[in-house]
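Please study the following structure together with its sequence. The dialogue below shows how some of its features may be read.

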Amino acid sequence: MNQFDTVIIGGGPAGLGLAYPLHSAGQKVAVVEENKWGGTCPNRGCDPKKVLLGAVEAQVKSDQLVGRGLNQTPQINWPQLMKFKQTFTDPVSDNSRAGLVSAGIEVFDGHASFVDEHTLSVGEQTITADRFVIATGQRPGRLNVPGDEYLLTSTDFLSLPTMPAKIAFIGGGYIAFELAAIAAVAGAEVHIIHHNERPLKQFAQDAVAELMNQLKAKGVQFDLSVETQSIKREADQTVIQAPDYELTVDQAFVTSGRVANADTLNLAAIGVEADRHGIVVNDHLQTAQPNIYAMGDVVAKRIPKLTPVSGFEAAYLSQELVESGAAIHYPEIPTVVFGMPRLAQVGISWQTAQEQSDKYRSQVIDMTNWFTYKHLNEPLAKAWMVVDKQTDQIVGATVISNEAETLVNYLTQIINAGQTMKQVNEQVFLYPTEASDLEYLG
């Protein structure tokens, strides 16, 4: 009989991160997955993107040193790069599923739909459980305009057999900036089309402007305040139309956000609240049905929807579902736009610091001529720092450079530890590194 203590819907990082510890705790656990086991990140998200970006990094860093020790810039061979990417992505789904089976965790392949709060249908099978955990993640959003079906998604981009000569990304968020950086260095003519003047609105406006200037230098064109109204496919090209605007490209990709995979689970029938942003939960990751929980990107939340956050929530529920305890508490969580350069941030935003200047000290630090960056001939390195005036603690930072994520990871540890600048300066770090620059950021 398909009766379990806990059934997890979704075999991605969150689902896998919860299944193993619950099984080790003695629970009878099952995991349901209708797509690729392992989830978005390793199959069609952050991991394959980072593999492609590795070649971009090598090309950009080499180009910065041409005439300064290197004679020429290497060129990206896209088909070879895609084959290399596949060595990472191809084994993921089978290995993820096999790992669960080997551990003694039952797996079900197929679409899940709730019959009632204790019963789930998966294809022709019925599963019952004391509790369920929904970890179904997100999928690329759509434009919902005439011709929307002609638009490809980020999933398609990460599997392109060849790089089109001319492409467009509709939507100015993380994904557009990251994929545009890859495509431009790979040789494509690239357009980012955004409906207003403020892409990447989560970041400090000045920092976004700096990133845009760096991408423009690599050939990316920004078509702002363009509200796409229709898409056409003519011969082998895609035509994007808006008032007083028309662009013809070889391929166009919709990058206008992501939608929670909560709309096909029959949640309304069991009283679980959800919308396109995700499933509503309390501070124990519990839905309105006490025995049904949700975690990962499918949850409606203000904090960044990132793979490490999903893992953090899985670790929390691995304790909560064994012995109920305290509410979940999130640390300050960093986020990054991967590209060349990177744009990363953590903590109190620059905008908040400006609005509350009586409470926060803020300064922009140009690091471009610091040895850490100058020895690589980087064109730009800056930090927007926020310090609490009363405590002298670093409480926020935005950084742009080729190594921004490294510096922001250090700053995240400092912020979460509540360290003052005096305490930071009492540490001795290896020189010359991003860490040894920390003492100059307060």
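Q: Where does P432 lie?

A: P432 lies in the segment that follows α13 (421–425); helices (H or I, at least four residues) and strands (E, at least two) are DSSP runs, numbered from the N terminus. The peptide bond that joins Y431 and P432 is cis, with omega about -5 degrees. This is a predicted model, in which local features need pLDDT of at least 70 and side-chain atom pairs count only at pLDDT 80 or more, while totals for chains, interfaces and linings use all residues. Residues are numbered from 1 along each chain as its sequence is written, and side-chain values use heavy atoms, with hydrogens and water left out.

Q: Where is P341 placed?

A: P341 belongs to the loop between β19 (335–337) and β20 (342–347). The peptide bond from M340 to P341 is cis, and its omega is near 5 degrees.

Q: How many disulfides does a search of the whole structure find?

A: A disulfide is a covalent bond between the sulfur atoms of two cysteines. Here the term denotes a pair of cysteine sulfur atoms within 2.5 Å. The search of the whole structure finds one, which joins C41 to C46 with an S to S distance of 1.7 Å. The link of C41 and C46 is left-handed, with -130 degrees about the S-S bond.

Q: Does C41 count as buried or exposed, and why?

A: Buried means under 20% relative accessible area, exposed over 50%, and partly exposed in between (1.4 Å probe, protein chains only). C41 counts as buried because its relative accessibility is 10%. C46, at 29% relative accessibility, counts as partly exposed.

Q: Which residues have the most contacts inside the largest nonpolar core?

A: In soluble globular proteins, nonpolar side chains tend to be buried together. A nonpolar core is a set of buried Ala, Val, Leu, Ile, Met, Phe, Trp, Tyr and Cys residues joined through side-chain atoms within 4.5 Å. The largest has 74 residues, and W78, F157 and L411 have the most contacts inside it. Helix α7 (residues 174–185) gives the most to this core, with nine residues. Apart from this core lies another, of 25 residues, among them L120 and V298.

Q: What is the phi of N144?

A: The phi of N144 is near 60 degrees, a positive value in a residue other than glycine. N144 is found in the loop between β7 (138–140) and α6 (154–157), and counts as exposed because its relative accessibility is 69%. L200, also not a glycine, has a positive phi of about 50 degrees; at 2% relative accessibility, L200 counts as buried.
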